[in-house]
Amino acid sequence: MKAFIHLLLGLGLSTALFAQEEVEIDVYPPSQIPDRIMLTWETEPHNSQSVTWRTSTVVEKAYAQICVATATPDLEDRAVVYKASSTKLVSDQNIALYHSVNFTELLPNTTYAYRVGDSAVWSEWLHFTTASEEQAPFSFIYFGDAQNDLKSRWSRTIRGAYSKMPDADFLLHAGDLVNRPNSDHEWGEWFYAGGWIY
């Protein structure tokens with residue numbers, strides 16, 4: 001690097017370009033479009049399902065819609081609306097809102113369609129199936145540490161596992177998901193790698 005700078009000086013070129021500190025660009029900034037959408041459970045998996053997602057702070061109110069999934073396209077007409085609870089999170093890169101809804105009073109062993117948004121901008125419609133109320137076989141994919149090289153390597157791992165077991169009932173993450181818990185860039189790569197699978 002020193003030799004390169006000396007070459008620039010010898011050519012009479014300015015090195016002001018190199019005087020600035022390296023700044024990490026926010027590659028995964030929050031926006032009004034819901035992202036980082038993830039399903040989980042707060043209560044019983046046979047009659048409930050929870051969802052969380054992220055938006056920018058311009059979103060003043062957030063909602064989730066849900067209905068039994070059918071082949072018809074009229075999901076909006078049949079959807080039940082839930083108001084989300086929202087929490088502000090200041091990361092090392094940005095300020096975002098994280099929203100959550102717990103869908104309750106669902107039917108066991110039933111496939112639902114849901115989407116999240118602010119009533120003007122929505123996510124795509126996504127699906128999940130509730131668990132059986134009775135004892136029944138189930139399958140899941142178990143993951144260890146994703147942690148490093150998330151966009152390049154974790155993407156191959158989660159997509160490969162899901163393509164082998166697309167009917168898995170859930171994913172269990174047992175290790176470190178990212179390397180630095182406060183790094184929004186690492187979380188951005190983790191969510192990018194898994195995409196709609198989450």
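A salt bridge is taken here as a side-chain nitrogen of Lys or Arg within 4 Å of a carboxyl oxygen of Asp or Glu. By this rule the count in the structure, which is a predicted model, comes to 7 salt bridges.

**Overall make-up**

The secondary structure of the protein consists of 5 helices and 10 strands. Among contacts with a separation of 6 or more, 63% are accounted for by residues 24 or more positions apart.

**Salt bridges**

| Pair | N to O distance | Relative accessibility of the partners |
|---|---|---|
| Asp184 and Arg54 | 3.7 Å | Asp184 4%, Arg54 0% |
| Arg115 and Glu76 | 3.8 Å | Arg115 11%, Glu76 38% |
| Asp149 and Arg153 | 3.3 Å | Asp149 42%, Arg153 54% |

Asp149 forms a salt bridge with Arg153, with the closest N and O atoms 3.3 Å apart; Asp149 counts as partly exposed, whereas Arg153 counts as exposed. Elsewhere, salt bridges that share partners join Asp35, Arg36, Arg54 and Asp184 into one network.

Buried means under 20% relative accessible area, so Asp184, at 4%, counts as buried, and so does Arg54, at 0%.

The side chains of Arg115 and Glu76 also meet in a salt bridge, at 3.8 Å from N to O. Arg115 lies in strand S7 (residues 111-117) and Glu76 in helix H3 (residues 75-78), so this pair ties together parts that are 39 residues apart in sequence. Arg115 counts as buried at 11% relative accessibility, while Glu76, at 38%, counts as partly exposed.

Helix H5 spans residues 184-194, and because 8 of its 11 residues are buried, the helix is largely enclosed by the rest of the structure. The buried residues are Asp184, Glu186, Gly188, Glu189, Trp190, Phe191, Ala193 and Gly194. Their cover includes strand S1 (35-40), strand S2 (49-55), strand S6 (95-103), helix H4 (150-164) and strand S10 (170-173). After H5 comes Gly195, which has a positive phi near 50 degrees.

**Helix H4**

Helix H4, which is part of the cover of H5, has 15 residues and reaches 20 Å from its first C-alpha to its last, close to the 21 Å expected at 1.5 Å a residue. Seen down the axis of H4, its buried residues fall within an arc of 110 degrees, so they line one face of the helix. Leu150, Trp154, Ser155 and Ile158 are buried in H4, and the buried residues of this helix pack against S9, S10 and H5. On the other side of H4, Arg153, Arg156, Ser163 and Lys164 are exposed; of these, Arg153 is the partner of Asp149 in the salt bridge described above.

**A nonpolar surface patch and a buried loop residue**

Phe138, Phe140, Tyr142 and Leu172 form a nonpolar patch on the surface, and together they have about 430 Å² of accessible area. Tyr142 has its place in strand S9 (residues 140-143). Exposed means over 50% relative accessible area, so Tyr142, with 56%, is exposed.

Ser56, by contrast, is found in the loop between S2 and strand S3 (63-68), and at 11% relative accessibility this serine counts as buried. When residues up to four places away in sequence are not counted, Ser56 touches Pro30, Ser31, Gln32 and Leu97.

Terms used:
Residues are numbered from 1 along each chain as its sequence is written. This is a predicted model: local features need pLDDT of at least 70, side-chain atom pairs count only at pLDDT 80 or more; totals for chains, interfaces and linings use all residues. Side-chain values use heavy atoms; hydrogens and water are left out. Helices (H or I, at least four residues) and strands (E, at least two) are DSSP runs, numbered from the N terminus. Contact means heavy atoms within 4.5 Å. Buried means under 20% relative accessible area, exposed over 50%, partly exposed in between (1.4 Å probe, protein chains only). Patches are made of residues with over 30% relative accessible area and no salt bridge: like charges are joined within 9 Å, nonpolar side chains (Val, Leu, Ile, Met, Phe, Trp, Tyr) within 5 Å. Accessible areas come from the Shrake-Rupley method with a 1.4 Å probe; for residues, only the protein chains shown count as cover. The expected span of a helix is 1.5 Å times one less than its number of residues. The arc is that of the directions from the helix axis to the C-beta atoms.
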